[in-house]
Structures are given as structure tokens and as C-alpha cells.
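I set out below what I looked up in this structure, entry by entry.

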Amino acid sequence: MKKRSVGIIGGGAAGMMAAVTAAGQGAEVTLFEQNDRVGKKLLMTGNGRCNLGNRELSAGMYCGADPAWIGGRLKAFGTDDTIRFFRGIGLMIKEKNGYLYPVSEQASAVLDVLRFALKSAGVRVETDCRIDQIQRQGDGRIGLYCGRTRHLFDRAVIACGGRAAPKTGSDGNGFSLARQLGHSVVPTVPALVQLRCGEEFFRSVAGVRAQARLTVRQGGAVLLDEQGELQITDYGISGIPVFQMSRKVGYLLKTQPQVKVHIGFLPDLGREDLEPFLEERLARMGDRTVEEFFTGLLHKKLMQLFVRTAGLKGNQPVAGTDRGALRGVLEQCLDWEVTVTGTNGYDQAQVSAGGVSCGEVTEDLESRLAPGVYFAGEILDVDGRCGGYNLQWAWSSGYLAGTAAAGGKRASQRRGAFPSGSGLRDTPEESV
Ligand SMILES: Cc1cc2nc3c(=O)[nH]c(=O)nc-3n(C[C@H](O)[C@H](O)[C@H](O)COP(=O)(O)OP(=O)(O)OC[C@H]3O[C@@H](n4cnc5c(N)ncnc54)[C@H](O)[C@@H]3O)c2cc1C
């Protein structure tokens with residue numbers, strides 16, 4: 001029987017996974033990459049260490065499409081499958097607080113084993129080839145155009161990424177290919193990215209790092225709530241809790257000019273504790289200057305800023321200082337309000353939120369508008385939190401699209417689904 005031919009656009013994490021899977025299921029696969037080599041972005045992941053998955057996998061770690069739909073896709077290829085897949089192609093994986101990394105802590109090792117897997121699965125890799133047009137032919141085959149050259153396939157997978165880190169190749173052109181087929185694209189925003197603030201004082205506190213709780217409130221309710229290490233820059237705020245809330249703040253900023261973020265630095269102290277806390281400190285240290293009085297609470301630069309904002313001078317004696325102003329300094333330690341006016345751009349973002357609407361693809365990630373065409377990876381309207389979730393989505397969706405494009409069955413549906421000789425084993429469905 002003639003082998004099914006599959007053309008895959010994009011040699012990133014999702015495209016490589018789709019290619020290895022489809023070839024392992026007997027398809028004749030060609031992988032097109034516009035760069036001179038595959039997997040450029042992969043090398044940058046996890047600060048060069050590649051956090052390729054996470055033990056704590058659930059739909060709640062993702063945004064975009066309907067959580068039940070995302071959960072179903074993760075169930076078909078979850079964390080255990082990722083570990084098994086990579087072991088099968090030669091990569092040893094270690095776990096740190098649930099975060100998965102290659103034992104070598106080298107992202108290049110992840111790329112290397114994927115490249116070897118492409119080679120041993122017989123995938124034809126065409127680099128320096130940007131697909132600029134996609135067309136479903138009258139006979140149902142899919143035409144991929146690289147300039148004037150047309151390549152015809154039985155099936156195609158679009159895995160061009162989103163808009164994040166455009167220098168690595170994911171410049172959003174995949175969305176144009178999707179639109180050529182009639183797909184709608186949920187507007188994108190940079191995500192897992194720093195937030196820019198309007199206040200002048202940021203220069204004076206740049207470089208401060210502190211554990212903090214960050215909240216965004218709307219209409220009296222807490223809309224976003226993140227904790228972790230906050231990093232203050234000369235233009236705004238950064239760090240994991242900021243990254244985690246950035247996609248939602250980004251969408252809020254599409255409809256309003258600014259978003260107030262409330263930052264609490266003293267988790268053990270509530271508003272009701274402030275008065276007794278101040279009282280006790282005054283009893284012990286009431287003979288100090290204002291700056292000395294607040295020394296030891298938080299980072300010096302922050303305390304100096306809070307003292308200035310409360311209208312006090314560091315060298316004035318505490319004795320005789322307005323008590324309300326002293327309390328005002330403490331209130332800022334509990335609830336420092338900063339005004340976010342923008343996010344950094346796609347060049348600084350780890351992912352882009354938004355993308356091809358998941359309502360327009362089937363459970364196998366096949367286009368409902370152009371049968372025979374599949375989507376995988378960040379091009380879809382799915383984005384995850386920091387912690388290996390975006391690469392997990394690339395592996396899960398790449399596996400699903402690759403399997404379906406090859407006309408195969410998922411590991412949970414049949415035995416022997418992974419490439420023969422790869423050492424990979426079938427796996428029962430994982431609960432997510
Ligand atoms: C600095 C940084 C650090 C990150 N760290 C992590 C991490 O530790 N853990 C984690 O889970 N996630 C991390 N991510 C996110 C993760 O890397 C992405 O979500 C993931 O790589 C997306 O995979 P993808 O295959 O969908 O897209 P991409 O990796 O963006 O690949 C798309 C590929 O398609 C090619 N392409 C695009 N258009 C065409 C075309 N028309 N023709 C041919 N080729 C085309 C591009 O050149 C590119 O190679 C990080 C991202 C960045 C930027």
C-alpha cells in the first residue's frame with residue numbers, strides 16, 4: 001500500500017514531535033523549516049536548561065481554549081508519555097520540584113535527540129524553506145508553496161508557532177496560512193512577559209528582588225493572585241508571579257489604559273495587625289530616625305521609597321512624627337499599588353496568548369474548515385503557565401496531530417504506536 005505523505009510546516013518543538021510521530025506510524029514525512037536549522041527556540045528554553053514538562057499537569061495550567069477540551073488533549077499524551085518518549089529517543093530526564101529537565105541540564109541535548117529521531121525515522125528535513133501559501137487541491141491533497149515551488153501532500157500539519165521571540169522564526173506568519181484556509185485567529189498578546197509601569201520612581205528601586213504576593217482586583221473581587229519572587233526593574237516589574245499574570249493583564253490592557261497591581265511584601269502581617277505592630281516598634285525603637293526605625297523590614301531601597309512617598313524624611317526623628325504617616329509607610333509594605341500601562345513586546349515574551357481558534361479544529365487537531373490539515377503547538381489558542389507547560393503542549397499537540405495526519409491511532413488506542421526500534425512503549429491514558 002502506498003505510504004501516506006505528510007508535509008509539516010515548522011521545525012519547532014511541536015513540528016518535530018509531529019514529524020517523528022507521523023513517520024513512526026508509517027507516513028512519508030517532510031518537515032519544512034524557514035531557518036537554516038530546526039529547533040532554534042528550543043535552545044533558549046529554561047535559560048538554556050529546557051524545562052520540558054511538569055509532573056503537575058492539568059488543564060488548569062492553561063488558558064485559551066475551553067479547559068475541558070485542553071484536558072482531553074493532555075490526557076491523550078501527558079507527562080508520563082513525554083518522559084517515555086524522550087527516554088525512548090535517548091534523553092534521560094530528571095525532576096526538580098515536579099519540573100522536568102534533561103539530566104544534563106542542556107537544552108541542546110533535547111534538540112540533539114530530536115534531530116537524531118527525525119533522522120532515524122526517515123523524515124526529510126527541508127531547511128531554508130518558508131512556506132508562504134497553503135491550498136487544498138480539488139482532489140483533497142494539500143499544496144504547500146515555497147515561493148513558486150509547490151509540494152503536494154496527502155496531509156499537512158501547521159506548526160509555525162505564535163509570535164513570541166520572532167527572531168527564532170515564529171513571527172506570526174503561521175496565522176496568515178491559517179487565514180488562507182478560512183480560520184479565525186483569536187487576537188494575540190505577549191505572555192509570560194514583564195509588565196511596564198507608569199510611575200517615575202522605578203529607577204530608584206531597580207534591582208530589588210523580594211518574595212511578594214501580587215493581586216489584581218476588579219469591582220471588589222480578586223481577579224488575579226500570584227506569589228513568588230518579584231523582580232523590580234527600572235521600567236516596571238518582572239519575575240515568575242509577574243509572568244504568570246501577564247497574559248491576563250495584557251488582555252485587560254486591550255480595553256483599558258492601565259491596570260493596578262497590588263503588591264504585598266509581608267505575608268504574615270494583616271491590616272488588623274498594623275496598629276499593635278507599630279505600637280510595639282515605637283516602644284522599642286522610638287528614639288531612632290525614621291530611616292533607622294524602618295530598617296530591617298524590607299529591602300532598604302523599598303523602605304526609602306515608602307518613607308518618601310509617605311511624605312517623610314529619613315533623617316527626621318520618629319519622636320514627634322505624625323503617626324498616620326508612619327502607619328502609611330507600613331501600609332505600603334502590605335499593599336503597594338503600582339500602575340501597569342503595558343507589557344513588554346513579543347521579543348521579550350516566552351509565548352504568545354491567542355491563536356487559531358480551537359473551536360475550529362477537531363479533537364485530533366484537524367481543521368474543520370480544511371480537512372487534511374492539522375495544527376500543533378503554540379499556533380493554537382492555548383498557552384500555559386511557566387513551568388514546562390508550553391513545551392508539554394507542543395509535545396501533546398504534536399503527537400496528536402502527527403498521529404492523526406499519518407492515519408494512525410494514539411498509543412491509548414492501539415499497541416505499537418511509537419516508532420519501532422525507538423524503545424517507546426504504549427501507555428495507558430493518564431488522568432489529568
Ligand atoms: C526564551 C524562552 C524560554 C522558554 N522556556 C520555556 C521552558 O523552559 N519551558 C516551556 O515549556 N516553554 C518554554 N518556552 C515556550 C516554548 O519554547 C514554546 O511554547 C514552544 O517552543 C512552542 O513550540 P512550537 O513548535 O509551537 O513553536 P516554535 O518553537 O516557535 O517553532 C515554530 C517553528 O516554525 C518555523 N516557521 C514558522 N513559520 C514558518 C513557515 N512559514 N515555513 C517554515 N517554517 C516556519 C519557525 O522558524 C520555528 O522554527 C520558552 C520560550 C522562550 C522564547
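The entries run from the basis of the model to single residues.

**Basis.** I worked from a predicted model, in which local features need pLDDT of at least 70, side-chain atom pairs count only at pLDDT 80 or more, and totals for chains, interfaces and linings use all residues. I number residues from 1 along each chain as its sequence is written.

**Overall build.** I found twelve helices and 21 strands in the protein. Helices (H or I, at least four residues) and strands (E, at least two) are DSSP runs, numbered from the N terminus. Along the principal axes, the C-alpha atoms fill a box of roughly 95 × 40 × 35 Å. I noted that 47% of the 432 residues count as buried. Buried here requires 20 or more other C-beta atoms within 10 Å of the residue's own, exposed 12 or fewer, and partly exposed a count in between, with C-beta atoms placed from the backbone. Among contacts between residues at least 6 apart in sequence, 73% join residues at least 24 apart; a contact means that two C-beta atoms, placed from the backbone, lie within 7 Å.

**Domains.** I recorded domain 1 as 5-191 + 352-406 and domain 2 as 194-344, with bounds that come from an automatic or database domain assignment. Taken over C-alpha atoms, their centres are 41 Å apart. Eight residues of domain 1 are in contact with nine residues of domain 2. On the domain 1 side, strand β12 (residues 185-191) gives the most, three residues. That side divides into six nonpolar, no polar and two charged residues. In this grouping Ala, Val, Leu, Ile, Met, Phe, Trp, Tyr, Cys and Pro are nonpolar, Asp, Glu, Lys and Arg are charged, and the others, Gly among them, are polar.

**Ligand shell.** I asked which residues come nearest the ligand. Of the 38 residues around it, they are Gly10, Gly12, Gly161, Gly169 and Gly377. The elements giving two or more residues to this shell are α1 (13-24), α5 (173-180) and α12 (389-406). The largest share, four residues, comes from α12. The shell holds 15 nonpolar, 18 polar and five charged residues. A residue counts as near if its C-beta atom, placed from the backbone, lies within 6 Å of the molecule.

**Two helices.** I compared spans with the expected value, 1.5 Å times one less than the number of residues. Helix α7 (residues 240-252) has 13 residues and reaches 19 Å from first C-alpha to last, close to the 18 Å expected. At serine 246, α7 bends by about 45 degrees, the angle between axes fitted to the seven residues ending there and the seven starting there. Ser246 is buried, and the buried residues of α7 also include Phe243, Met245 and Val249. Helix α8 (residues 274-285) has twelve residues and reaches 16 Å, close to the 16 Å expected. Of the residues of α8, the number buried is zero, so α8 lies largely in the open.

**Positive phi.** I looked up two residues other than glycine. Cysteine 50 has a positive phi of about 60 degrees and sits in the loop between β2 (28-32) and β3 (53-54). Cysteine 50 is buried, with 26 other C-beta atoms within 10 Å. Leucine 192 has a positive phi near 50 degrees and lies in the loop between β12 and β13 (195-197). Is leucine 192 buried or exposed? Leucine 192 is buried, with 23 other C-beta atoms within 10 Å.
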